[in-house]
Amino acid sequence: MGEDAHAARDRLRPMVATYLGVHGDHEITRTAGLDAGLCAAFREGWLSDAPRTDLVDDALLELFAAAGTAADAAASLGRLAAAGLDVAVVRDDPDTDPGRLMHAAALAIGR
């Protein structure tokens, strides 16, 4: 999360690439609708210690993360909660005050 939405999204691309590489072609990625070939590319990158951040576009970020400005992140968390998300992992961002991050997450889910 940050004032610069593009920079905030870019900071999350390695995390999402790693997450998708760990899982590869798995029930989690299939449920999300990812192509098996794309999942294989993420897996190969992870196994070779070169996560495929180049494959993490904004659509994948929207699917697996809440990133961008505070308003972007809140909207994403709200959308995910409306879709049935009942547990979210809020990962700290060295560029964002932890209290501000948790406050934004709580507001997004109505707490």
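Visitor: What share of the accessible surface of the chain belongs to carbon and sulfur atoms?
Guide: The accessible surface comes to about 6,600 Å², computed by the Shrake-Rupley method with a 1.4 Å probe, and for residues only the protein chains shown count as cover. This is a predicted model, in which local features need pLDDT of at least 70, side-chain atom pairs count only at pLDDT 80 or more, and totals for chains, interfaces and linings use all residues. Residues are numbered from 1 along each chain as its sequence is written, and side-chain values use heavy atoms, without hydrogens and water. The share of carbon and sulfur atoms is 57%.

Visitor: Which element has the highest mean pLDDT?
Guide: pLDDT is the predictor's confidence in each residue, from 0 to 100, and the chain averages 84. Helix α6 (residues 98–108) has the lowest mean, 73. The highest, 95, belongs to α3.

Visitor: How many helices does the chain have?
Guide: Helices (H or I, at least four residues) and strands (E, at least two) are DSSP runs, numbered from the N terminus. There are 0 strands, and the elements run α-α-α-α-α-α. The number of helices is 6.

Visitor: Is Trp46 buried, partly exposed or exposed?
Guide: Trp46 lies in helix α3 (residues 36–47). Buried means under 20% relative accessible area and exposed over 50%, with partly exposed in between (1.4 Å probe, protein chains only). Because its relative accessible area is 33%, Trp46 is partly exposed.
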